[in-house]
Amino acid sequence: MVDRIQIGLGVQGMTCDGCAAHVEQALGGVEGVEEATVPGWRAARATVVARADVTDAALLESVQASGYRAQVRERRPVRAGQRFVSGGETYDIMIVGGGSAAFAAAIKAAELGAKVGMIEAGTLGGTCVNVGCVPSKTLIKAAELCYRSAYPKFEGLTACPPPSDWQRVVRQKDELVASLRQGKYVDVMKIYQGISLITGRARLAGPRSVTVDGTTYRPGKILIATGSVPWAPPIPGLAEAGFLDSTEALSRASLPQSLVVIGAGAIGLELGQLFGRFGVRVMILESGPHVAGGEEPEIGQALTRYLADEKIRVCTGVRIERVERDRSGYTVHAVIDGQPEECRAEQLIVATGRRANTANLGLAEAGVDVGSRGEIRVDTNLRTSNPDVYAAGDCIGDPMYVYVAAYGGNLAAENALTDAGRVYDLTALPHVIFTNPQVASVGLSERAAKAAGRSVRTAVLSLKDVPRALAARDTRGLFKLVAEADTGRLLGAHVLADGAGEVIQAATLAVKFGLRAQDLVETFHPYLTMAEGLKLAALTFDRDVARLSCCAT
Ligand SMILES: Cc1cc2nc3c(=O)[nH]c(=O)nc-3n(C[C@H](O)[C@H](O)[C@H](O)COP(=O)(O)OP(=O)(O)OC[C@H]3O[C@@H](n4cnc5c(N)ncnc54)[C@H](O)[C@@H]3O)c2cc1C
């Protein structure tokens, strides 16, 4: 039976810490309220734990009487025994890491009224803002603009943009990173008075203790959000030769003449095309049968052709035997199409994936189990093998995306501090590779669906049949839909197209909510948008769209 509720309120009109104290006092004075928390005036919100019979009106009137305005944003039951679990000497929860998972966790914990200690050893904000999503995507956009203006018809690279272009965009990238780090991390942290930043490297020192630079803390709960680090395969000579990882590649002061990229996953493809578009001679080596290995083969094969059109040499099914380096650059000894080949370049990027950053964290001492790739093992509530320790973000392994890290951080913090028992659910998770054209997918591939014993139908539509692509004079790409054979339910959507990352969102809703391909057909799609390709692809299951009039269904 629910005898208590937690109520979240938005509060306007607070301009200083004194205001926050007034609102807290006003709410705390309402009969039946057990606890009222305002995590600083900038947060513009309050949290109340109260008897279930306390009304919204009583709370709102109390705020109004103290000179402010409020609205109730959520009411949720507090089950017996549920309160955030304290017991820590200084902090209710300590979060190891200061990236996206950590921030989402810290904000959630502060909103629950907890005292939070966030420990960061490097740069606040972590991978995404500093060395990942933000810098890579802004440089990719700059490369695209530079390439389009130099080669409007995509005729291939015949001359190099001036090197000063690169220096300028790197400078602008650094400015953007600095401003987003400040605005989205440093300033956001100040809003939440319940969060304290501790600078230093953390280590678990037992089941419920954390040490940072010689100081030991005993928080109520611990959340590990230490992210991931680039991983390189054990290729003979590679470690001795040295190489660039994505972080180093994105911050180079100058461009090399030529580049070999090992690995054609998202990061390898994005970096390869980025540098190619700045005039670098690029070769991409991939051991798998096609690039973008997790995607549909049709998409990988088409992307390879488009990269080749930009004079990027892409080799698949490659075996790399060893790497050497001398004063003039690198030699990658590889077997390509069964023939030995020496691939020479001034620079070498290794983009063969990332692994959980969990070494030297004291996990064994804390009784936290890890898997074969160092990833922290968690249950469906993101709890580790130690019941007082939770983990979220890249450190629990694939899939490694920032929106997954943020979702996990929020969920893990709530589960750690209350008995909410939220379940980590990555059903219908979309993802994007930011090449041009982009790759975006959601749900099952044809192969994965068949491997799972599903009987499926597929439909593939070339962009030559999508009016938007014809009008934009860029018909590079395709749509592929995977549907359950008997019901027509959409199981997966895979798009290679300019703007595929936006298009996939509609397909994500369709997959998540169990819609049929026919539902896409019966839904309006604005003419001359790329999203219309989804509807046309769905039509392709039963009709030849080449025989239809432009917007006729
Ligand atoms: C080049 C590149 C491009 C990417 N592009 C995208 C994209 O477009 N979209 C997308 O969704 N994802 C992208 N990602 C992935 C995304 O950046 C990550 O999934 C996300 O940032 C992971 O967040 P996290 O909080 O788990 O880890 P991180 O953000 O890495 O945070 C971990 C933090 O923990 C700190 N730390 C580690 N150990 C300790 C310790 N012992 N004590 C104290 N602090 C410690 C680290 O310094 C770090 O700041 C990209 C990644 C890269 C590398």
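Me: At what angle do helix 3 (residues 100–111) and helix 11 (residues 402–417) pack?

Reply: Axes are lines fitted to C-alpha atoms, for helices over the stretch in contact, and angles run from 0 to 180 degrees between N-to-C directions. Helices (H or I, at least four residues) and strands (E, at least two) are DSSP runs numbered from the N terminus. Here, helix 3 and helix 11 pack at about 35 degrees, and their axes are 7 Å apart. The model is predicted, so local features need pLDDT of at least 70 and side-chain atom pairs count only at pLDDT 80 or more, whereas totals for chains, interfaces and linings use all residues. Residues are numbered from 1 along each chain as its sequence is written, and side-chain values use heavy atoms, with hydrogens and water left out.

Me: What is the handedness of the crossing of helix 3 and helix 11, and which residues meet there?

Reply: A crossing is left-handed if the near helix is turned anticlockwise from the far one by less than a right angle, and right-handed if clockwise. The crossing of helix 3 and helix 11 is right-handed. Contact means heavy atoms within 4.5 Å; on the helix 3 side the residues include Ala101, Ala104 and Lys108, and on the helix 11 side Gly409, Ala413 and Glu414 are among them. By class, the contact of helix 3 with helix 11 has nine nonpolar, three polar and two charged residues (Ala, Val, Leu, Ile, Met, Phe, Trp, Tyr, Cys and Pro count as nonpolar, Asp, Glu, Lys and Arg as charged, and the others, Gly among them, as polar).

Me: Which strands does helix 3 lie across?

Reply: Helix 3 lies across strand 5 (93–96), strand 6 (116–120), strand 7 and strand 11, and runs at about 165 degrees to strand 6. Two strands pair if DSSP finds at least two bridges between them. An open sheet of five strands has the order 7-6-5-11-21, with parallel pairing. Strand 7 (195–199) and strand 21 (389–391) stand at the edges, each with a single partner strand, so one side of each has no neighbour in the sheet. Strand 11 (residues 221–224) pairs with strand 21 over three bridges, and Ile222 stands opposite Val389.

Me: How many residues of strand 17 (residues 329–336) are buried?

Reply: Buried means under 20% relative accessible area, exposed over 50%, and partly exposed in between (1.4 Å probe, protein chains only). In strand 17, eight of its eight residues are buried. Strand 17 pairs in the antiparallel sense with strand 16 (residues 319–326) over seven bridges, and with strand 18 (residues 339–345), also antiparallel, over seven bridges. A hairpin of two residues joins strand 16 to strand 17. In the hairpin of strand 17 and strand 18, Asp337 takes a positive phi near 50 degrees.
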